[in-house]
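Trainee: Could we go through this structure together, one question at a time?
Mentor: Gladly, let's take a look.

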Amino acid sequence: MYTCIDSNNKIYTVDQYCLLKKTNKEPQIIMCPFCRNNLFLRAENSQEKTHFCHKKNTSCSSVDYKKLFDSSSRKKTTEEILQIKLEIIRSSYRIFKSIEQQFAINITEEMYITIFSKLLDKKVLNLLNITPNHIPYIWVNELGYYENTSYLYTNLGNVNLAKVWNLSSKKDSVICISEDKNGYACTSIVEVDLDCLNILSNRIPIWFLSKTIPSLLEIINLETSQSENLLKELLNTCEY
Ligand SMILES: [Zn+2]
């Protein structure tokens, strides 16, 4: 992770922290803004990107989605995975809009595709209970940190975060931590809404259909004939 807080809730980026460290002015205790466990600086003088790291066994990270979406009971069939891929491409513009609206961020097509391929690498589509409605939230989790805000997808019933944030909800949520104008951390919670895409129009603008969808089809790895059929289908819902 690329931000931490000190014991006064002041937020520091890796760069700010390293700068203070040069003159021995860095805060002595640094914590994860989400779970409040202690962090340490890692990869300071190596080729890897310098970042903050949880101590062993205290990670709040939801990088391992298997913990959040129990998929241990059975494996998805190839057909089921194909179906979710098709559904996601059909919903891809609504997912894009939903991220922008729920998290008030402007995303570029390039960012959208890059983060999309990151979540495909994590085999998110193989998870049993995943739906296109989950994707906006998982997408921001994979985005991680953007424009002074850190994002974490979590199931508040599973982890200790509910206690830290004094929350009674056990729903899946995204915790968003941003910096106020004085440099202190402020938190907001976006609950996962499994109807979030249903309220949006399924009309796709031509710029999205002509540029973004072909890139998504490529990374999602459909057979050529499947891609062509899907593109034809989507052309009929296109907004000129
Ligand atoms: Zn943490």
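This is a predicted model: local features need pLDDT of at least 70, side-chain atom pairs count only at pLDDT 80 or more; totals for chains, interfaces and linings use all residues.

Trainee: How many salt bridges does the rule find across the interface of domain 1 and domain 2?
Mentor: A salt bridge here needs a side-chain nitrogen of Lys or Arg within 4 Å of a carboxyl oxygen of Asp or Glu. Polar contacts do occur between the domains, in four residue pairs. For salt bridges across this interface, though, the count is zero.

Trainee: Now for helix H3: is it largely enclosed by the rest of the structure, or largely open?
Mentor: A residue is called buried when its relative accessible area is under 20%. The buried residues of H3 include Tyr 93, Ile 95, Phe 96 and Phe 103. Nine of the twelve residues of H3 are buried, so the helix is largely enclosed.

Trainee: How far does H3 reach from its first C-alpha to its last?
Mentor: H3 runs over residues 92-103, and at 1.5 Å a residue the expected reach is 16 Å. The model comes close to that, with a value of 17 Å.

Trainee: Which residue with a positive phi follows H3?
Mentor: H3 ends at residue 103. The residue that follows has a phi near 50°, and it is Ala 104.

Note on methods
Residues are numbered from 1 along each chain as its sequence is written. Side-chain values use heavy atoms; hydrogens and water are left out. Helices (H or I, at least four residues) and strands (E, at least two) are DSSP runs, numbered from the N terminus. The expected span of a helix is 1.5 Å times one less than its number of residues. Buried means under 20% relative accessible area, exposed over 50%, partly exposed in between (1.4 Å probe, protein chains only). A polar contact is a pair of N or O atoms within 3.5 Å; within protein, one must be able to donate a hydrogen and the other to accept it, and residues adjacent in sequence count only if both atoms are side-chain atoms.
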